[in-house]
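Hi everyone, thanks for coming. Let me put a structure on the screen and walk you through a few parts of it.

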Amino acid sequence: YKGLFKMKGRLTCLHSDFFVSGSLGLGDPVVVCKENDWRSFISLEGEKKCLQKGLEIFSSEALYSKYNTEFRDYIRAAKEKIIPRFSNNRAELSKEDLLATLPILEKFWYFYGITEFSYHELAYEKSLELNDATLKKNLDDLGKLKFEGRELLNAFVYNDGVLHNLLRIVGDRFLTQKEDSVFLFSDEILGLYDGKKIDQEILNTRKKYYGCEVSGGVKKIFSGSEASEAWNILCNEKIEDGVIKGTIANRGIVSGRVIIAPMLVDMKEIMKIDSRMKIGDILVAESTTPELMMLCKKAAAIVTDQGGMLSHAAIVSRELNIPGVIGTKQATHILKDGDLVEVDANQGTIKIIKRSV
């Protein structure tokens, strides 16, 4: 397996459910969560299928036009109807509403998954190799479309977003411990409307560990010792000789002090990081977003856990012409604020020079 995305915070099981069922489901993905730490992975063989499918879409004027038109139509409709409806947890939600709403929400993960590097990296390589005008045009637009979709992703998954507020409605109606609705998967939510009970012990177990995966088109949910074992296998973070490796986004070599930026959209939290970050520091992030541009502009180099050559971090490092190393999988977990590192974006490595006290 290959690491995809990591997020901190209490993400919902419904988000994990949709994630593995979306377009990345073609790659047999796995999600594992340990308390407030959410990680996702894709099988190496499965990613090859996604990359080939992406090349097919991005090489075709007709297929890409259909995809980007449908996604942009979806984004507009979601902003007009879905987000306002679930801007709080006071909306009514019948079973009929839920049956209609869940597939609409899940559709987002089909569209957004195609903007990820597991779909576009091969197409990006081919566009450079062949200087193909269609690939270049479509991939340039994909970069813009990803940012449009990212705004909607934030509105769906973060606290007080669509999924959390939908689940609060369910928790208020069916659960003794209402906040435990975040540990429900879609079939379980529908079952509650049919009078089925969910074992509280299952929900308690998921507070520590849970996972879900798609393999050969079949979805599986697991928790407890099975999820714990999967976490230990998939999330075993090691580095050799104090060197972290990633993909080169923009070349150059620079040394500096590390500033860690977790996945954030809250401007107050971003401002706290900005207040302690100095010009010339090394920005180390799970991934960067437009909200983090003030940090990117101060950075001597950008290092990320995740992302591909069309990710925000890769594009920004090229635009600012600073060294960029992306897709390290583990930089934010291994490095700490104040560490002194050398970023060698000619080799795609980050070397720890001195640990902070």
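Let's start with Val-31, whose bridge partner in strand β4 is Cys-212. This is a predicted model, in which local features need pLDDT of at least 70 and side-chain atom pairs count only at pLDDT 80 or more, while totals for chains, interfaces and linings use all residues. Residues are numbered from 1 along each chain as its sequence is written, and side-chain values use heavy atoms, leaving out hydrogens and water.

Strands here are DSSP runs of E, at least two residues, and helices are runs of H or I, at least four, both numbered from the N terminus. Two strands pair if DSSP finds at least two bridges between them.

Strand β2, residues 30-34, runs antiparallel to β4, with five bridges joining them. β4 and β5 form a hairpin with two residues between them, and Gly-216 in the turn has a positive phi of about 60°.

How enclosed is β4? Six of the seven residues in β4, 209-215, are buried, so the strand is largely enclosed by the rest of the structure. Buried means under 20% relative accessible area, exposed over 50%, and partly exposed in between, with a 1.4 Å probe and protein chains only.

Now for two loops. Most residues other than glycine have a negative phi. Asn-131, though not a glycine, has a positive phi of about 50°. Asn-131 lies in the loop between α5 (117-130) and α6 (133-157), and is exposed at 66% relative accessible area. Lys-329, also not a glycine, has a positive phi of about 75°; Lys-329 is partly exposed, at 43%.
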